[in-house]
Amino acid sequence: MTKLKLLLTSAFCLVVFAAQSQVSGVVVSAADNSPLQGASVVVAGSTTGTKTDAAGKFSIDAKSSDKLTVTMVGYESTTVSVGDNASLTIALQQSTAALSEVTVSVGSRNTMRTITDAPLPIDIFSAKDLASTGQITFDKALQYRVPSFNTVQTPVNDATSLLDPYEIRNMGPSRTLILINGKRKNLSSLVYVQTSPGRGETGADISAIPTDAIERVEILRDGASAQYGSDAIAGVMNIILKKSTGGSSLNIRTGATGKGDGENFGISLNNGTTVGEKGFVNYTVDFSKTALANRPGTVSAVGEANYWGGSTVGVNTMSDIQAFLAKKPDAGNINGSPETAAAKFLINGGYDVSANTKMYYNAAYVYKKVNSYANYRTPYWRTATAFPYLKTLFGNGSLASYQGYVPTFQGELNDFNATVGFKFTNNGWNTDASITTGGNQQNYTVGSSHNRTSSGGSLLYATNPNVYTGPVSFNPGGVGFTHYVGNIDVNKAVSDNLSISFGSEVRSEVFEVRAGDEASYVGVGADSYQGNDPANSGKFNRYNIGYYAGFSADLSKDFMIEGTARYEDYSDFGNASVWKISSRYKLAEDKVVLRGSASTGFRAPTLHQIYTQKVQSSFGGGGIQLEGISNNVSAAARLYGVPSLKAEKSTNITFGLGLKLTKQFSATVDYYSINVKDRIVLGDRITYSPGNIQSFFTNSIDTKTSGVDVVANYRDIKFGAGKLAVNYSANFTLKNELDGAVRNIASVAALGQSVFGKTQEALLLSSRPKFKHIVGLDYSTSGKWGFSVNNTVFGPATFRNADLYDNKNLAVEFLTKVVTDLGITYKANSKMSLALNVNNLLNVLPEWKLVSTNGQSVASILTAAAGSYGTMVNQINDLTFNGRYSQMTYDGSHFSQLGLMWNLTVNYKF
């Protein structure tokens, strides 16, 4: 009996060994047999996978009947049978069409799949794709590569100039989750409070990521809260860092606008090397500086007189205003793109601790500094008769010498993130355990300003009206955000057709508001940017823990289904439970793919939205106004009955069609629907009494958004001595609107006002292009030259500026425009290449017009309007601050106002 047991045990071991053993091999380039580090090797149809090391080597558990799928950016994927081979040599062919076959991890915690095999819409862009746009920052490169991605520089440059708001599918910056190598990136510490797109929200600073450190970007265009937790309502962006160890690459770049300003210069070094025989490290260092690009308009004397005209000769009569504007037609205003300097450092590495254990790590640090300007305070706006000391402070003591002043704004940003983790494989179980930290700190300085506060008829900072005793440079404080994240993710291929996954995330967040110096906040505070009062400052924190479980099942070789459920518990507002189900079906020998998903999601209110409280300058009818933002735990919130914030909830539906008719041609069409309940907004200014103007964050609205994304590529077309690639992608917004009435708090409704008026509605729902097309041609020769032409069509966008408040039936519509970009590359030799990009070749600028929203003509509406707003001239003056922001209006536009820009990059490999 004992011998029989021994015999059976031996036989079983032999079967197991035959069924699954360790297969090793090397992946090389077919062109020169050089090893390829970072290639993905996956057992087809399973979650078992690995990456090649610095020598191109790999080892993986596989059965003799298995097939291995090998993918890498820039190379054709290939599938090989394991068979009886204990060691394999796999050669990959270079290809321009290979991105669709790269194995991606975003969108699923289960089986790794290619984007043409996935049940979800995923875009993937290589470093070459991003560089070919000629844009000098990562976020602007995405603007001209991803139709559903939008970002534009806001016309008002204070704290917002440190990072511009961005969004996918018109859902705001807060509803797209940013990952770096699959791990959550920290949010910025800034909440946008200007009346521009993104108002009331915050997002991660993706502009801080050096483009030369990126291997590729995976963008999941679908809700993914069940897999990743809060913020993934519109989608997920996963930034994959470079792992190459083949030497160094140096980029030197320079450029300017067509007007000769906005000069930029940058230098970046990317280097990779092996660490022993089992590790690698890749790092990027990037330094850049961009000069001011100024785009003010010609200011209207009539408009200025309407705001500040008076009867004091030598100060504010019409002749005084005209005399000043004769010297400064733009009223001294400086707006456009601020002066910026940045230093960026990023490192990515890994080490094979053993055959079954791998360590990985990455870290980044970014320092950014901007110098920008507030609106110029003309001598008839801040008059020396009201504040006599201005004659000495910004003049030589005489009334004639005082010509106004322009307050400066300097912002400093420090952003960092770091991850360390281990991946384990044991008996088919794959475990990933990691710790991530990240933070964003911003500090501000206001210069060439003053505190004009008066009390009881006396100036606070003046011993007499002619002598100012206060500072002209202020420290208004700053803001900070830090998070700590722990993740454990486990998956296993239970069989050839079924895999399971589960995991947990623990996160702690800290939001800090740092108080400014007393002179910056007391009374009206520093002119142009009020400091943080200690009463509104402090550190605020919370923690949450989430759990998820999922499965992926191939019910047949063509039909698969995936599902995930998640539970999340927050320390400050409660819990959330969400789910997702997705599926894919292949037809016509895998040439046609039908796919779809349905899911629920959530977004927790950020600490910024709960605790931000400050005084803010903004432009309104009649000039600059001060408003107070009261947070949801303040005495003012309790007094006016403002409820505590709760989580947003969403329902997502996506379905689409994928075509891969030939090796050269692929196309996808996807419909999406996103319904958000209890959406958080920073409300309109509510006037409770003269001088008591408040804004609140509230869960005031529900929205519904739907649209269609189209992507088509036809590559490797033989044309003359080279190959041509044709690319088309588009986003069509079918619906982006309120779902039901605005839920006003009782104290606001009693005043006949609304927390969410027409201005806010337009910023949220119609300020991004109604549609956006990107049509590109790429031509490369077998020799040294490459050419690209891209046309980006920005569809119409509509604003309902606050300054149309007397005309509820008027709106500002930005017209459809086409921006053409030209790229030329030249490969001088095997080490050096040059790239010239001319963006906005035809110098196309935003253009807008007044339109009616009720079917009447604009002329008839203006004729019927009461007061000074009944003329076109006065309407335009109010929309543009009397011509200061003539190109974009005060609230922004749908693409940049800078016009033509050129950039030259020299690359040297060594």
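Mentor: In helix H5, Ala301, Val302, Glu304 and Ala305 meet Met318, Ile321, Gln322 and Leu325 of helix H6, where contact means heavy atoms within 4.5 Å. The residues of this contact comprise six nonpolar, one polar and one charged; Ala, Val, Leu, Ile, Met, Phe, Trp, Tyr, Cys and Pro count as nonpolar, Asp, Glu, Lys and Arg as charged, and the others, Gly among them, as polar.

The model is a predicted one, in which local features need pLDDT of at least 70 and side-chain atom pairs count only at pLDDT 80 or more, while totals for chains, interfaces and linings use all residues. Residues are numbered from 1 along each chain as its sequence is written, and side-chain values use heavy atoms, with hydrogens and water left out.

Two packed helices are described by the angle between their axes and the distance between the axes. H5 (residues 301-308) and H6 (residues 318-327) pack at about 130 degrees, and their axes are 10 Å apart. Axes are lines fitted to C-alpha atoms, for helices over the stretch in contact, and angles run from 0 to 180 degrees between N-to-C directions. H5 is therefore oblique to H6: angles under 35 degrees count as roughly parallel, over 145 as roughly antiparallel, 65 to 115 as roughly perpendicular and the rest as oblique. The crossing of H5 past H6 is right-handed, a term used if the near helix is turned clockwise from the far one by less than a right angle, and left-handed if anticlockwise.

Helices (H or I, at least four residues) and strands (E, at least two) are DSSP runs, numbered from the N terminus. Two strands pair if DSSP finds at least two bridges between them.

Strand S5 (residues 67-71) pairs with S6 over four bridges, and Thr69 stands opposite Thr79 in S6.

Another open sheet has three antiparallel strands in the order S46-S47-S50. S46 (797-799) and S50 (848-852) stand at the edges with a single partner strand each, so one side of each has no neighbour in the sheet. Five bridges join S47 (residues 810-814) to S50, with Leu810 opposite Ser852. Helix H14 (residues 872-879) lies across S47 and S50 and runs at about 120 degrees to S50.
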